[in-house]
Amino acid sequence: MIGTRKVSYIIYLTSPDDEWTAEDGGALEIYPSVGEGTPDIVPLKTVLPLFNTMAIFNVEPGVSFHSVQE
């Protein structure tokens with residue numbers, strides 16, 4: 001349940017032989033809040049899934065917003 005979560009993380013286990021590109025998709029997108037419970041439509045930060053990396057980010061319901069690209 002996201003209501004009790006404080007931190008989320010993603011461990012990227014992509015291939016070390018093929019560097020991931022934006023065209024491959026799957027990037028983590030972090031969105032700023034433009035008002036209570038409303039995310040901006042443009043991500044503040046985009047993180048590509050690169051081999052042997054870990055993304056850690058705060059989660060606060062109604063305040064922090066994220067998604068993963070197709």
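How many helices and strands does the chain have? In this predicted model, the chain has seven strands and zero helices. Read from the N terminus, the order of elements is β-β-β-β-β-β-β. The C-alpha trace spans about 45 × 25 × 15 Å along its principal axes.

The chain comprises 70 residues, of which 19% count as buried. When contacts between residues at least 6 apart in sequence are considered, 69% of them join residues at least 24 apart.

A nonpolar patch is present on the surface. The patch is formed by V7, Y9, I11, L13, M54 and I56, which together have about 690 Å² of accessible area. Two strands, β1 (7–12) and β6 (53–58), each supply at least two residues of the patch. The most is given by β1, which contributes three residues.

One of the patch residues, V7, lies in strand β1. Is V7 buried, partly exposed or exposed? The relative accessibility of V7 is 43%, so this residue counts as partly exposed; the class extends from the 20% limit for buried residues to the 50% limit for exposed ones.

Technical notes
Residues are numbered from 1 along each chain as its sequence is written. This is a predicted model: local features need pLDDT of at least 70, side-chain atom pairs count only at pLDDT 80 or more; totals for chains, interfaces and linings use all residues. Side-chain values use heavy atoms; hydrogens and water are left out. Helices (H or I, at least four residues) and strands (E, at least two) are DSSP runs, numbered from the N terminus. Buried means under 20% relative accessible area, exposed over 50%, partly exposed in between (1.4 Å probe, protein chains only). Contact means heavy atoms within 4.5 Å. Patches are made of residues with over 30% relative accessible area and no salt bridge: like charges are joined within 9 Å, nonpolar side chains (Val, Leu, Ile, Met, Phe, Trp, Tyr) within 5 Å. Accessible areas come from the Shrake-Rupley method with a 1.4 Å probe; for residues, only the protein chains shown count as cover. A salt bridge is a side-chain nitrogen of Lys or Arg within 4 Å of a carboxyl oxygen of Asp or Glu.
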